[in-house]
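User: Could you take a close look at one helix and the sheet it packs on? I'd like a connected picture that I can follow in the viewer.

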Amino acid sequence: MEKICVIGLGYIGLPTSGFLADNGYEVYGVDVNEDVVETLSKGEIHIEEPSLAGIISESIHNGKLKVSTTPVQADIFIIAVPTPVHDNKTSNLDYVKKATESIIPYMKKGDIVIIESTIPPRTIDDIVVPIIKAGGFNPEEDDVYVSHCPERVIPGRIMTELIENNRIVGGYTEEAAKRTADFYRKVVKGQVFETSALTAEMSKLMENTYRDVNIALANELSKVSEKLGVNAHEVVKLANMHPRVNIHQPGPGVGGHCIAVDPYFIIEKANELSPLMQTAREINSSMPGFVIDQIKKITMNIENPTIAILGLSYKGNVDDVRESPAIEIANQLVSADYHIKCHDPYVKQSAANLELFGLEESLAEADVALVLADHNVFKEMDSMVYVNNMKTPVILDTKNCIQDSDEITLYKIGDLGKLKSIR
Ligand SMILES: NC(=O)c1ccc[n+]([C@@H]2O[C@H](COP(=O)([O-])OP(=O)(O)OC[C@H]3O[C@@H](n4cnc5c(N)ncnc54)[C@H](O)[C@@H]3O)[C@@H](O)[C@H]2O)c1
């Protein structure tokens, strides 16, 4: 069985390492973060993901997974490092470049190199392959096989989707696509499609851009619905009864490492040709401001209002706060001199730049509870928790997840027609 070296042990690389070790491969996980390596070498994990802890603990203890800060010789290298955007929204490929450079001394002829990170179009051709060529290999002649296999799992279901999802394998050459696809076919249940590296890059980016554009449409609807005094949630529900319509849900914006970032990778390569994608980004990025406007309306008659923020992660039931609109809303409220108290049962204090409180502590004496993540615990919460702890049980629900009751005043993004300020 091939020896596999996985570079980057975060939300993608760690589950991938555990999953491959569980399939019997000898896996070497590499991360530049010494704290991550130290935690993992004890059989513990540094991220929240269902079913991950048991698999990592077992594979570390049975020796199938070894972790280190430096790569080792292997037959297959999988690179799963971050691909963020710079402040000016252009891609930052420094991690991909460094990770590719780091494996060169450990590569040999016949090895497969797979980039699982999400990358802008032509990154394999223009960045990854030139680094490998400079390292003395010739991927054009298939002495090593370079491919892009974009990861498309969703946090919260990663361990299931790693096995079940279909995969797109884009090879730098046809032979690279074939060899890489054959490797995935051994371990996944989904179908594995072979194509070029560029097509694989674009396919992944278009999946997330499709989501971003559709979320923008729903968010625009929520703004229009406020002006027209119509309930956007009811509109969406009824319109979606049409067999060819699937309007998404409005919310506080778009977060996470993928949907809020990936459209920029296309936009930077085709700026004049992507007005729809750019407008979608603008609409989704404007939603924190729209939420804050509603808080201002609700609290305009109160001196020094206190806002309880429920949920900081970018979506329900996960701990990930990257690009989270909730964090932006919280920071903007602080800048606007609001007194805020944040609670998120998933987010670790070390991951947030805001002080976190327990649920009741965050609600204590609050004028408004602002719900920014649809965690199950919030969905299932008895409305008396608001009544018993808050100064006034007024809730602004940006995720359409709180159940209404007579004891509370509930406003929703998408249904703001009845909004009144607290007196
Ligand atoms: N998180 C998701 O849900 C998701 C889903 C699909 C695709 N992706 C893509 O997968 C890629 C990885 O994302 P992630 O969420 O796992 O990121 P992450 O930040 O959770 O993990 C990346 C890890 O790589 C490490 N790293 C950085 N440079 C390194 C190097 N040179 N050598 C070794 N380790 C290095 C970091 O220390 C970090 O632990 C990104 O391109 C992302 O867009 C993520």
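Analyst: Happy to! First, a term: buried means under 20% relative accessible area, exposed over 50%, and partly exposed in between (1.4 Å probe, protein chains only). Helices (H or I, at least four residues) and strands (E, at least two) are DSSP runs, numbered from the N terminus. This is a predicted model, in which local features need pLDDT of at least 70, side-chain atom pairs count only at pLDDT 80 or more, and totals for chains, interfaces and linings use all residues. Residues are numbered from 1 along each chain as its sequence is written, and side-chain values use heavy atoms, leaving out hydrogens and water.

Let's start with helix H12, residues 325-335, where Pro325, Ala326, Ile327, Ile329, Ala330 and Leu333 are buried. Their cover includes helix H11 (275-299) and the strands S9 (306-310), S10 (339-343) and S11 (368-371); contact here means heavy atoms within 4.5 Å. Just after H12, Asp337 takes a positive phi of about 70°.

Now for the sheet. Five strands form an open sheet in the order S10-S9-S11-S12-S13, with parallel pairing; two strands pair if DSSP finds at least two bridges between them. S10 and S13 (409-412) are the edge strands, each pairing on one side only. From one strand to the next, the twist averages 20°. H12 packs on this sheet, touching S9, S10 and S11, and its direction makes about 160° with that of S10. Such angles run from 0 to 180 degrees between N-to-C directions, with axes fitted as lines to C-alpha atoms, for helices over the stretch in contact. Further along, S12 (residues 394-397) runs parallel to S13 and is joined to it by four bridges, and Leu396 stands opposite Tyr411 in S13.
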